[in-house]
Amino acid sequence: MNEPLAESEAPQARNSALGEDALWHILYSLGRDNAHPDKHKCYWGLVLAVRDRMLEKWASVQRQYYENDDKRLYYLSLEFLPGKFLRENLLSLGLESEAHTFLRKYSFSLDQIMDVECEPGLGNGGLGRLASCYMDSMATLGLPAFGYGIRYSYGLFRQEIRNGRQVEMPDNWLHEGNHWLIPRPHGLYPIRFYGTVHEWQDDDGTLRHDWRGGDIVMAMANDMYVPGYRNGHVNCIRLWEARPHKEFVLSSFNAGDYIGSVQEKIKDENISMVLYPSDDAPEGKTLRLKQQYFFVAATMRDLVRRFKKLNKPWDQLPEKNVVQLNETHPSIAIPELMRILLDEELICWEDSWFICQKLFAYTNHTILPEALETWPVELMERLLPRHMQIIYEINRRFLEDVRLHFRDEPDLPSRVSLISDGPEKVVRMSHLAIVGSFSINGVSALHTQILRDRVFHDFIRIFPDRFNNKTNGITPRRWLRQCNVSLSWLLSEHLGCDWVTDLDQLERIRELADDEEFRHDWEQCRLTNKKRLADHIEKRNGITVNPHSIFDVQAKRFHEYKRQLLNVLHIISLYNHLRKNPEVMMQPRTFIFGGKAAPSYWMAKDIIYLINCVARRINSDPHTRNVLKVIFLANYNISLSQLLVPATDVSEQISTAGYEASGTGNMKFALNGALTIGTRDGANIEIGERVGQDNIYLFGLCEQEVLDMRNRGYDPWELYKNDGELREVLDMINSDEFTPGNPTAFSGIFNSLLSGGDRFMVLADYRAYAETHQRIAHEFGDRELWIRKSILNTAGMGFFSSDRAVREYMDDIWGVKPDV
Ligand code: GLG
């Protein structure tokens, strides 16, 4: 497809054409013959040519930061999910048509070339993707921002489906190397673990601490560049990689223990070897805490190094820097900075603490109790002995203050303590992050309200001014401009190109919803995208789907609270209905699922298995297969999401109210014109407010009703007894209907919904969900009505741009200013 948007006139430092540079690189950087480059060579050559242009801009932007004495933002995240780079970077730098010209010469399309690129899976889902959307917006707004994380050798596992079950395969994303990432082998930082703390008194009698001994691992930077959208600005995400301190332990080498000495080296590199495959169920493993401290310590070193170059007094550290903690994962940064200030810079406690509390800001992303991070005191004491001492002291001073100000609440100190008593003492990382930060934010209005009312209720009274909301956002560059070329084209034809960086402009298509020709064009765009997805499904799953059917998509991590189960129960009941009433005319539907389950989350994996078993049965039934199809797309990732999002008619956002902090998938689908069927949860509520209640299908219990129902005593068996249709479905999964010969395959699921008490209220919302789907099928049949609603969804989604979200962070929290 041709480039639909005008290329920007962004100044290019280099005169040579992109293609010529690509050819040059094929020969001189890759050492390959460039006479007739194949698609791999074309890809790598292009990458290097694009990278050159980014680096030039990056270097001048860095200089500018120093010259302008800018305040800097450090965005610390254990996860980033950037998706593939080439198309994004071409787009941002305004180089797409040059790339097309080059590729056409060798008969390749950009799509073909993109197949060569490996997607970095350095995150689990929403949290990591949010970090990447925000990095994109920061660069586009021209902020002096630095992302920091880990360069995992293995990203999130690749998911295969074998006999209906999820199988995890290693994701060796670096096996061919990756030129988007520039390693910096010079100037590594030593990072200490274990060891002991020595106390000593300096000349004026002050007690000093010195952390010594233990193991040293080196942190090496790998830089990944993030260009702003056509503004000449380039930022960087620095990913730390663990390297051995010494190549070989010489003593064991001399003693003949060659393998033993190499093993030491392997142990050190383990720290950045693999991403933990769950962001909401901490495993409490030493390696995970090591990962957290490793990347945080290296990052704080960078921050302090750059600050020292400025020759400013320490109290200006928070005037010149701000650190945003993405979840509690990097919150060990607080005691780490305290350690640097106290022990290395010899600054007194009060001043050090003052600096810390003005530097850090913390974003909470979840209220699931099992997801709130804690670390055993015993482990912390061994691995990071000095940090544990500092945490004790932070806590002692904090609780003293609490006792003073809340004299008549003797229980309060133990509730807010950074360290919980119990059979095993643990450090509560969220409490540490709250006490050590000047800002704490939730990620949707409802989520922030829940933090205030329940999860952090005690802290609201102690620090009333620290809490605020920042509803999440997504970048329109990747999630509309890039993934939905045909719609982008249509939008630009009517609005001009500015919507790409000013998403509120989409409001202006509201009036076009009444224009028949525009609606026709809109529908054609959607159909093009649906056909493309249908082709993909045919290729990947060998199943033919009807592009005119309702594409109903639930694509996200598998978790009980996200309730893929509710979806599949309803699909089974539709199937039953069809079989019993073969004469009824039903709107053809294609239900599409995508998503991974944490490898140790058995219930989530059983749900994947159930979906695949139901799919097998339904797709092979000649009586129903023309109207009902169920597709599971394996290995859901950013690339697959970019294919799904623009082709979706109905977006499933059906978490139990109160459990999904925000969701960002919900925003991507709605922005691309899908209609949402959703609960009053997370950002769904705000999406409803923006697109209009007539253009969204909200159903089911709201958060308060969920709480009330639970308090009153919720009995799922009642629903089982009273709802015949639902009972039939449940009995089917509790038999060998979908797993011939094995009637107990899904008894775990059945029991969790009934005897187990249905923790996530699936059955309680079932009826409302089924009725809402009936309405949807009916309204989908009215093409004018549906397309109008689709347009109004896109029109109302401007608010959910990550540019808006980042601007709010910038104005209310960070105090950094654009430098463009
Ligand atoms: C979390 C939450 C999502 C949220 C995302 C980004 O579960 O609801 O949208 O962070 O804030 N772990 C996550 O994906």
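## Helix packing and a surface patch

In this predicted model, the buried residues of helix α17 pack against β15 (439-442), α18 (457-462), β16 (467-469), α26 (684-691) and α27 (703-712). Helix α17 itself covers residues 445-455, and its buried residues are L446, H447, T448, I450 and L451.

Now let's turn to helix α14 (residues 385-405), whose axis crosses that of helix α11.

| Helix pair | Axes come within | Crossing angle |
|---|---|---|
| α11 (residues 333-344) and α14 (residues 385-405) | 9 Å | roughly 95 degrees |
| α12 (residues 349-359) and α14 | 13 Å | roughly 90 degrees |

With axes crossing at roughly 95 degrees, α11 is roughly perpendicular to α14, because angles of 65 to 115 degrees count that way. On the α11 side, the contact is made by P335, E336, M338, R339, L342 and D343, and these meet R386, H387, I390 and I391 of α14.

For the other pair, the axes of α12 and α14 cross at roughly 90 degrees, so these two helices are also roughly perpendicular to each other. Here W349, E350 and W353 of α12 make the contact with I390, E393, I394 and R397 of α14. You will find I390 of α14 in the contact with α11 and again in the contact with α12.

Which residues make the nonpolar surface patch of about 350 Å²? They are W24, L27 and Y28. Y28 is part of helix α1, which spans residues 18-28. Y28 counts as exposed because its relative accessibility is 57%, and the cut-off for exposed is over 50%.

Notes. Residues are numbered from 1 along each chain as its sequence is written. This is a predicted model: local features need pLDDT of at least 70, side-chain atom pairs count only at pLDDT 80 or more; totals for chains, interfaces and linings use all residues. Side-chain values use heavy atoms; hydrogens and water are left out. Patches are made of residues with over 30% relative accessible area and no salt bridge: like charges are joined within 9 Å, nonpolar side chains (Val, Leu, Ile, Met, Phe, Trp, Tyr) within 5 Å. Accessible areas come from the Shrake-Rupley method with a 1.4 Å probe; for residues, only the protein chains shown count as cover. A salt bridge is a side-chain nitrogen of Lys or Arg within 4 Å of a carboxyl oxygen of Asp or Glu. Helices (H or I, at least four residues) and strands (E, at least two) are DSSP runs, numbered from the N terminus. Buried means under 20% relative accessible area, exposed over 50%, partly exposed in between (1.4 Å probe, protein chains only). Contact means heavy atoms within 4.5 Å. Axes are lines fitted to C-alpha atoms, for helices over the stretch in contact, and angles run from 0 to 180 degrees between N-to-C directions. Angles under 35 degrees count as roughly parallel, over 145 as roughly antiparallel, 65 to 115 as roughly perpendicular and the rest as oblique.
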